[in-house]
Amino acid sequence: FTRIMSGLRVLGAGLGRTGTSSLKLALEDLGYDPCHHMTEVYLVQKHLYNLWKDIADEINIDDALKQVFEGYKAAIDYPSCMHFDKLRNWNPDAKVILSVRDSPEAWATSCRNTIFPAEKKAK
């Protein structure tokens, strides 16, 4: 077993729309700064778009993930939660936080009202 990454000290196992924005702020206040969150992808890591595309297309995923999470102490929300198993294997000492909504229906409603309309506008 080889640790490919060792910098992530907290991993989020929950999807977006489960309080992850508040969780990001709290983790950073507690010293897990910076914390990777979906907002990082389009606000901070614009220059890494091609790496995220490779990850989505399953091209050189290990190398790409290592690069996009370099320097981060925590990773929560999408897209990191989609690679939770791999990140957990690479960071076995990381604490895990599972964030959830009250119900699947509440989560779906939140997505329909926020994420999905934003995706349509972006296309």
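Student: Among contacts in the protein between residues at least 6 apart in sequence, what percentage join residues at least 24 apart?

Tutor: Bear in mind that this is a predicted model. The figure is 75%, taken over contacts between residues at least 6 apart in sequence.

Student: What makes the radius of gyration agree with a compact globule?

Tutor: Set the two values side by side: a compact globule with 123 residues would come out near 14 Å, and the protein has 14 Å, so they agree. The C-alpha trace spans about 40 × 30 × 25 Å along its principal axes.

Student: And which order do the elements run in, from the N terminus on?

Tutor: They go β-α-β-α-α-α-β-α-β-α-α, which comes to seven helices and four strands.

Student: Now Val 41. Why is Val 41 called buried?

Tutor: Buried means under 20% relative accessible area. Val 41 has 17%, so Val 41 is buried. Buried residues make up 36% of the 123 residues in the protein.

Student: Where does Val 41 sit, and what is it in contact with beyond its neighbours within four places in sequence?

Tutor: Val 41 is in helix H2, residues 38-43. Leaving those neighbours aside, Val 41 is in contact with His 36, Lys 46, Trp 52 and Pro 79.

Terms used: Residues numbered from 1 in each chain as written. Predicted model: local features only at pLDDT ≥ 70, side-chain atom pairs only at ≥ 80, totals over all residues. Heavy atoms only, no water. Helix = DSSP H or I, 4+ residues; strand = E, 2+ residues; numbered from the N terminus. Buried < 20%, exposed > 50% of the residue type's maximum accessible area, 1.4 Å probe, protein only. Contact = heavy atoms within 4.5 Å. Rg over C-alpha atoms; globule rule 2.2 N^0.38 Å.
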